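Hi everyone, thanks for coming. Have a look at the structure on the screen, and I'll talk you through a few parts of it.

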Amino acid sequence: MINLVKYKKAVTTLILIALVFTTSSFSLAEEPFKLEAKSAILVDANSGEIIYEKNIHEKLPPASITKIMVLLIAMEDLYSGKLKLDDEVYVSANAARMGGSQVYLEEGEIQTVDNLLKAICLRSANDASVALGEHISGSIDVFVQRMNEKAKQLGMTNTNFKNATGLPDEEHYSTAYDICLMSRELLNYPKIHDWLTIYMTDIKVGKNKDVTQTLVNTNKLIRDYQGANGLKTGLTNEAGYCLAASAKRGNLSLISVVLGEPTSNSRFQEAKKLLDFGFANYDSLPICKKNEVIKNLKVSKGKEDSVNIVAESDYSLLVKKGDSKQIEKEILLPEFVTAPFEKGQKIGEILLLDNGKEIGRVNLVTEKGLEKASLIDIFKKITSTFLGNKK
């Protein structure tokens, strides 16, 4: 329940008292189980809080988990309108001759972005990944440069991409922690699940589209793990068996990453072990949704009299089952906002406190922009008010 308790120095404070569970993560001394993976991590996809870790900053070859970044860039361009699912993609000789996992695209054939995404998500097709990268950036070198730029933006400080496939290269590496960063970002685009959650489908390939490729998702968890909704497998001799797996049950969304597993079976079993541990011991407390209206504020000197103030992003707290305490949620906003202002302009914050200690905050922003009122606008308002009062 939210109650208005006070106004002070033009700041409105709302207090939410909620009974929740204390948060904590298991240290290595309390390690609940042993893993064969060289590196592993389990995180809450909403908050990014680490639940379990093992050598999470060790630089290792990521194999085809690399393609999570390819998918992320594709999603960015799809959502911005730069890329469309029915765009025709010309398959170059460079793309067609990619080794490893592929769907055997022919040089000169035309494919849709939609089919290439299916080939990447299900077959982990190197030829499809290169064809899509070339289509987006004009050349694979420029596309890989964009991959590295995005990695820097996300804070992936121990990652370097040399290709869009994950094929072996001594200078191509990442970490379990960094893979979680790009995985969380990819999951911000709900449409990606249109491809990640397909278990089996067919596409036509070749210049004449006379060959049918049956695609079966390399991520077996999609078929047999409750709530599984992604993400990507990887395998090379250098990397071993790798898996970034995501799943959601109720409000809780988890990401597990295992790198350098000895067998295909161990990567799936250990990813499931991590996810099972997370779902058994944790839950997620939703605080706000992106674009959720928090309050309608009065506008001074604007063309309109009020504007909605909304949450800038989704926000949830990871909570450990079993130990309850109180969390305070304070909504800090001015009494009014003065025009002009832009859409998405920060106006205030949601502040979360645990016994007076800050544990999180979310920006509150304007739902839309407003221009400053002109003299004519002011005259119309005065006239409207006068006529309204006269009636």
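I'll go through a pair of helices and then some salt bridges.

Quick housekeeping: this is a predicted model, where local features need pLDDT of at least 70, side-chain atom pairs count only at pLDDT 80 or more, and totals for chains, interfaces and linings use all residues. Residues are numbered from 1 along each chain as its sequence is written, and side-chain values use heavy atoms, with hydrogens and water left out.

Okay, helices. Two packed helices are described by the angle between their axes and the distance between the axes. Helices here are DSSP runs of H or I with at least four residues, strands are runs of E with at least two, and both are numbered from the N terminus. Take α1, residues 67-80, and α4, residues 126-137: their axes come within 11 Å and cross at roughly 40°. The axes are lines fitted to C-alpha atoms, for helices over the stretch in contact, and angles run from 0 to 180 degrees between N-to-C directions. That angle makes α1 oblique to α4; under 35 degrees would be roughly parallel, over 145 roughly antiparallel, 65 to 115 roughly perpendicular, and the rest is oblique.

So who touches whom between α1 and α4? On the α1 side you have K67, V70, I73, A74 and D77, and they meet N126, S129, L132 and I136 of α4, with contact meaning heavy atoms within 4.5 Å.

Now salt bridges, meaning a side-chain nitrogen of Lys or Arg within 4 Å of a carboxyl oxygen of Asp or Glu. The whole structure has 13 of them. One pairs E109 with K209, at 3.5 Å from N to O. E109 sits in the loop between α2 (93-96) and β6 (110-112), and K209 in the loop between β7 (200-205) and β8 (211-216), so this pair ties together parts 100 residues apart in sequence. Is E109 buried or exposed? It's buried, at 1% relative accessibility, while K209 is partly exposed at 29%. The cut-offs, with a 1.4 Å probe and protein chains only, are under 20% relative accessible area for buried, over 50% for exposed, and partly exposed in between.

Next, E304 and K368 meet in a salt bridge at 2.8 Å, N to O. Those two are 64 residues apart, and they link distant parts of the chain. E304 is partly exposed at 35%, and K368 is partly exposed at 34%.

Last one: E349 bridges to K346, with the closest N and O atoms 3.0 Å apart. E349 is buried at 15%, whereas K346 is partly exposed at 45%.
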